[in-house]
Amino acid sequence: MEFGVLGPVAVWDDGRPIAIGSGRQRFVLAALLLNAGRLTSTDRLVDALWDDPPSTARPQLHNVISNIRRRLRAATGGDGELIVTRPAGYELHLGTHGLDLVRFRDLVAQGRQAGSGGDHGRAAELFAGALALWRGPALADVADDLAATTRALLGEERVSAAEARLEAQVALGRYDDVLHELEPVLADHPYRERLHEIRMAALAASGRRADALAAYRKLYRLFSDDLGVEPGPALRDLEQRILRGEPPAPAPRPVTVPRQLPASSPILTGRDELIDEIAADLARADQAAGQVRVLVGPGGVGKTSLALAAARRADHAFPDGQLYADLRGAQNAPADPHAVVGRFLRTLGVRGAEVPDDRDERIALYRSHLAGRRVLVVLDDAAGEEQVRPLLPATPGSQALVTSRRRLDALLGATRWSVPVLAPGDAVALLAAVIGEQRVGGAPEAAEAVVELCGRLPLAVCVAAARLAVHPEWTLEEFRGRLADQVGRLDELSVGDLDVRASIELSYQALDEPLRVLLRRLGLLLTPDWPTWVAQELVGEPSTARVERMLERLVETHLLEPLGRDAVGQYRYRLHDLIHAFAAERAEAEDPADERAEAVGKVLSSWLALATEADQRADHHTIYSSGLEAVAAPQVAVRATRDQPRAWLEVERANLTGAMEQASAQGHAEMAGLLALRMSGFLALRAYDDEREHALEVAANALRTTGPDDLLLKILQALFAVYAQRARCAEMPALAAEALTLATTLGDHDRTMRALLHAGVAARRLGRLREAAEMLDEAIRECDPAAPGSALPSLLINRAEVHRDLGEPARALPLVEEALAIRRTQGNRRLQAMNLIIYAYALIDADRLDDAEAALAEARRLTEAIDDELHAAYVEQTMADVDVRRGRFAAARRRLDRALPVFTALGNADGSAEAHRTLGELAMANGDPAAALGPLRVALETWHQLRAPLEEARLLARLARAQEAAGDADAARASETESEAMLADLGLPRVCLRLR
């Protein structure tokens, strides 16, 4: 059965609508649906249905519920009870039934996640699916006096999702679609500034700057006339960027009203929403007896300040006062609940001599004094459930709010909030509240770094702020430097009685020794998070169940953060940065150096072994790790690497980088090199080129010092492939020369041929075509085509590219065809796809467009089969070149709209430059030279930054044509002159410009 509230309240059974009945029935069903899985109190429903409830209100409500139940039961054949009666109200349990609001929110969450990951196409689809669930205004057939507020809140979610879809569409460059979809939303929400921002951005990005500025002027008049204000800073800034062209005994006693809440910090930033939520829950009228709220989190996260703020905000709901006790749960001598109850009784007006000594009698008297009263009991820093239970009220009215470093899971039925660290902006605001906005505003980046180094833990930020406040001569940048050293960071985070180390120490000392050892060993790792097997390796415990229990105990004390299951089913954990610093500090102080080194080495070796397993099965079609030996992996973790190798590599790529960096830093250069190579194939497939380059550079630097040289050579040649793919033209020659010298010294003939290949590629990228031809010809003559991993196909391809650069496509084609024939026998689909794209380039130059389309169609099938997003984008861009030449302008534009965001998202400057060049040629072919100028200039600037002179000369020549056609003869002559001068410097003929 499906329920709907996003429109008229509706129920469907297998698509057949079910009549719900009267307006009251629709409202009550909607209220239960909106609160599904939780108690909806009878009082709340009665108060909503009647301004002045009659004496028969509750029986009438019961009849409404009965009618709803009867209709739903008939639809489900009497299978199960959807609405359950509770003492204080009703609960609706959806079970396997659907609710459009749940689906809507799920799709929106998925859309936001996809968008944050750069998959804007997927995000747009998800938001569209979410918005399609709406059938009109929420609760459309429920009277305004019952549903107006809820309708408005849900309507806000709807327009937020619409904004998010429009933003995704803008990111995809679908500006016409954005402008079409935006109008009805703007008509309903004319004063929503974000919608106007999106509209102006879409207009400007689609080349309609004048319309974008006109829209701003119209908006300015609207806001000024209707609201008496001007547009906000974001809109004003957008206008300027467009203008600049930047796309409450014996004798009666007075009732004692205790007010025991202690003073709390007057500075509390970033917690308003959470405080409101807790306070509202405390103040609810439908409280059950013994209901407990628990705030859990690590020391220093601000649980006490949060609890006190929420208690004060809910003060109106507790006219009989508040009781407060610091239970000292994290200290060596926690408070005795028997003594706390005695203190509470005296506060409530019981004379000292009348306080019973017997524990049970004392608790009974305490609860009797709370009965019939509305008192809030705040229990701070609880050690455990057994300490808290005697202090809990036992009758409705009075409530308890507990804070603890432990989860207190045995307090069944408690409502829990896990208190998070501060959001980045809130942490900076807390810093500014102490040291002043001006000081923070003068160094915003340093301020952000300081709070990040404090782990955004409120206690740590407050300590840092206090130290800065008493040292006005310190700059934020200087203090950032003091905190940057993890070894001394905790020393810096201490002032007066505020001490981050002491706060963590309390939790550490409460652990038994095996748990302390585990925490210390975890502090030795540099990986950001890790699965369970890492802890097993660190302590040498063969039982996974025992290690899981140890980790759970660290989680319970908030010394360890659980991250849940990852994409391959592993439970993951992390240490907060300051707890990590504390653990590393204790390991240095308490554990011998050889034990620390052995534990870390064991984990690093296991990372390498698992990476080897995954790399061998990931089917990434690269040669980075060819010839490397396999390493036996720990059986406790190997299943995911064998069953889901790519997913495992995706999940663990940050950890593998961290392990590689740690191996390099601790003198394990060979392990660092092997890890870098085992990661590189997958990183290349996924176009994580920044990470691939970083890993190989770190490994190369380590191996340059200690060797071995044969592994260093392999690393250098893998690194050159990254430089070549990213068009790092200026850096390629030196790297190629280093590898060539090393290969010659080692006497490795096959590697020498590959080094010559790289030297030739580097020369070609710099426009030194004749030098490139000589090196490539020499290598082709000396290359053994039968050698495993022979460089011959790559040599032939790059020699063909030199012919293309010289304007000789007819001479290039047989070389590409020979290389492609070899690739087909090797079965490497990635290299085969790359060669097919280059083949298509040569065919286009030779004006064999049918053959080029066939080659690209085959390349597309291969890239889709191996999920190679980058080269799939190259296929689209190259096919757009074919479309332009065939006059299929709309098709070319669609392809470029798909390809360009991929190049941009992946940071592939070479592909981005090619796509912009094609956009320029498309505009020229379409008779709009003015529209060609922008993309051609973008491509020119990209090649200039990459220091690729021949490509610059080609773009200048195309720009000159566009300028001439647009009527700017002087600019055209200047561009043409610069192009010719660059060709002359390179000693190349004009045919190298590849102009048609």
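**Sheet, helices and cysteines in a predicted model**

Modeller: Three strands make an open sheet in the order 4-6-5, with antiparallel pairing. Strands here are DSSP runs of E with at least two residues, helices are runs of H or I with at least four, and both are numbered from the N terminus. Two strands pair if DSSP finds at least two bridges between them.

Biologist: What kind of model is it, and how are residues numbered?

Modeller: This is a predicted model, where local features need pLDDT of at least 70, side-chain atom pairs count only at pLDDT 80 or more, and totals for chains, interfaces and linings use all residues. Residues are numbered from 1 along each chain as its sequence is written, and side-chain values use heavy atoms, with hydrogens and water left out.

Biologist: Which strands does helix 1 lie across?

Modeller: Helix 1 (residues 23-34) lies across strand 4, strand 5 and strand 6, at about 65° to strand 6. Angles run from 0 to 180 degrees between N-to-C directions, with axes fitted to C-alpha atoms, for helices over the stretch in contact; contact means heavy atoms within 4.5 Å.

Biologist: Moving on. Which residues of helix 10 are buried?

Modeller: Leu235, Leu238, Glu239 and Ile242. Buried means under 20% relative accessible area, exposed over 50%, and partly exposed in between (1.4 Å probe, protein chains only).

Biologist: What covers them?

Modeller: Helix 8 (193-205) and helix 9 (209-227) are included in the cover. Just past helix 10, Gly245 has a positive phi of about 85°.

Biologist: And strand 9, how many of its residues are buried?

Modeller: Four of the five residues of strand 9 (residues 322-326), so the strand is largely enclosed by the rest of the structure. Strand 9 runs parallel to strand 10 (residues 376-382), joined by five bridges. Tyr324 is opposite Val378 in strand 10.

Biologist: How many disulfides are there?

Modeller: Zero in the whole structure, taking a disulfide as a pair of cysteine sulfur atoms within 2.5 Å. For Cys454, the nearest cysteine sulfur is that of Cys462, 9.5 Å away.

Biologist: Is Cys454 buried or exposed?

Modeller: Cys454 counts as buried, at 0% relative accessibility. Cys783 is buried too, with a relative accessible area of 10%.
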